[in-house]
Amino acid sequence: MDSKVNVIIEKYSKRAERLMDILLDVQQMYSYIPKNVITQIADELFMSVVDVEQTMSFYHFFSKVPRGKNTIYLNNSVVSCMNGHSYVAKAFEAASGCRFGEVSRDGAIGLFHTACIGMSDQEPAAIINGTVFTKLSPAKVYEIVGALKKGAEVSSLVTSFGDGANNSPHMKTMIKNNIKLKGQVLFSQYSTGTALNKLKLMSADQVIDEVKASNMRGRGGAGFPTGMKWDFCKRSKDTERYLICNADEGEPGTFKDRVLLTEYPALLFEGMAIAGYAISAKEGILYLRYEYKYMREHLENTLTELRNKNLLGDNISGINGFNFDIRIQFGAGAYVCGEESALIESAEGKRGEPRNRPPFPVQKGYLGKPTVINNVESLCTVVKVIEKGADWYKTLGTKDSTGSKLLCISGDCKNPGVYEIDWGMSVAEMLEMVGAENTQAVVVGGPSGKIIAQNEFNRKIAYEDLPTGGAMIVVGNQRDIIKDVVMNFIEFFIGESCGSCVPCRALTIALKHKLEKLLEGRGVEKDLVELEHWGKLMKLLNRCGLGQTAANPILSTMENFREDYNKLLQEGKINEFTFNLAESVKESCDYVGRKADIHH
């Protein structure tokens, strides 16, 4: 028995639903999770070893084997690739003496790729032992790895700091906020506690009615009316309810939550408290992506300050019986946990596999209780709606898309960063605002969204026209839209699929193979027909948003950039089909060490 592990298990009261926290603490202590510790955890939590291992195996940042004294995770998302990822990756391998997916012979360096880490405005970026390094170059890589090999602490290599709270004693990170435009809602001046104090004169139903009247919709992309979601939960017969803030912004190209959590954490926590008041919840959970673990001390300090000001805890703001507090729950690297039912599974210590619906979370969510899930931007916005009123809020934006929207703009533009705009801005206006020139495409909403061409740049950014969760990636004319963008997105979805649905597990691979065939110059017209057909099947046959949108990069570019696909076809060959049996079985034969004999 490992006494240190027992202390960790006791810290979480031996509760199986806190398995994620236990595994994260053990991983932090040992840099991996030893086999004997897995057995110990299972015994202490009255779980099977298989149950512990299946949770571990689901998440990117858990490992059964050592990943090196200094574990380096280099982001390989599309914006990183636009900004020199390949050169940085080669430098890491040359300086470390090992390839990606390996640990150096001396155990000093482990190299691994990872999906978007929320730094698309300052790529290439990497996480080293929990510390984020931005704007990497080959020269910086050699300097960092050289120092690590000499025994330097990772924190000592951060010699310049970002703006705002990034430079606070609780953060000390080189990350920059890059707030480029402040609007009238989220980035306007505010005194903490103002909205909470207004609740003294409002019932829970009145709070919900005010949010409904504002016509505020969720800022995660789907745009479900926030007040309506709260009302559904409030009407549930079960009086034990939960509020979860979804801060698992894993969509490549998205980083607005990172900025809000850095500069406006009190605004977020106040919004969570207001939501808790509205649905009569006692506990709120901030589900935070593990890539943002560097924020932990900063966020915990803010929570303590709010408790000291009686803005969290018992009888908040002097309102008798208004008891609500917040805890932070970290994920461990899984994009699918951005889907609300998968997030709930993860928060309960399980694999982040989406649930079948109905029932919906507002009926049966966290621990089987009615649960509201809102994202960071939505909950911050609620504070301003309560402070200034629904009528004021509706003066901003459009009739169907009220208020403001945070856009995370990156890619081929001069001024990447976070912009708070009023709903209704055109894409052309956005491109001019960020200094984008010679633009061939804009990725609206990240890989799960839509890729639009120049003929659509007059469209309005609004729910009624071109909705977005916030990610806007600018693609210049110098890029190969299929090779540089679409292929990157498909590989991302392959890596992030939970594997539960056969179409998501298998068709994403098939789609990639089709793209490879086209890019190798072996494509025929039938391949395009099958790409489109399979892409549409993905929308119909998968149960969660990841699988349903995984083919969007292909479908939207086939619609808007068809000529790019046509150029890849072999001339004069329409439906040619060839099959090389020896080549097809070679990989499997090599794996088992058997020579292929196609005659028997």
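K512 is partly exposed, at 21% relative accessibility (buried means under 20% relative accessible area, exposed over 50%, partly exposed in between, with a 1.4 Å probe and protein chains only). The model is predicted: local features need pLDDT of at least 70, side-chain atom pairs count only at pLDDT 80 or more, and totals for chains, interfaces and linings use all residues. Residues are numbered from 1 along each chain as its sequence is written, and side-chain values use heavy atoms, with hydrogens and water left out.

K512 forms a salt bridge with E516, the closest N and O atoms being 3.9 Å apart (a salt bridge is a side-chain nitrogen of Lys or Arg within 4 Å of a carboxyl oxygen of Asp or Glu). E516 is also partly exposed, with a relative accessible area of 28%. Both residues lie in helix α19 (residues 502-519). They are four residues apart, about one turn of the helix. Helices (H or I, at least four residues) and strands (E, at least two) are DSSP runs, numbered from the N terminus. Elsewhere, salt bridges that share partners join R219, K256, D257, E377 and K405 into one network.

The whole structure holds 41 salt bridges. One of them pairs R258 with D121, with the closest N and O atoms 3.0 Å apart. R258 lies in helix α11 (residues 256-263), and D121 in the loop between β3 (109-114) and β4 (126-128), so the pair ties together parts that are 137 residues apart in sequence. R258 is buried, with a relative accessible area of 0%. D121 is buried as well, at 3% relative accessibility. A further salt bridge links E291 and R289, where the closest N and O atoms are 3.4 Å apart. E291 is buried, at a relative accessible area of 8%. R289 is buried at 3% relative accessibility.

Backbone geometry was also examined. The peptide bond from E123 to P124 is cis, with omega near -5 degrees. P124 sits in the loop between β3 and β4. Another cis peptide bond joins R357 and P358, with omega about 0 degrees. P358 is placed in the loop between α14 (340-347) and β10 (371-375).

K14 is not a glycine, yet has a positive phi of about 55 degrees. K14 belongs to the loop between α1 (3-11) and α2 (19-30). Its relative accessibility is 35%, which counts as partly exposed. K135, likewise not a glycine, has a positive phi of about 50 degrees. The loop between β5 (131-133) and α7 (138-149) contains K135. K135 is partly exposed, at 49% relative accessibility.
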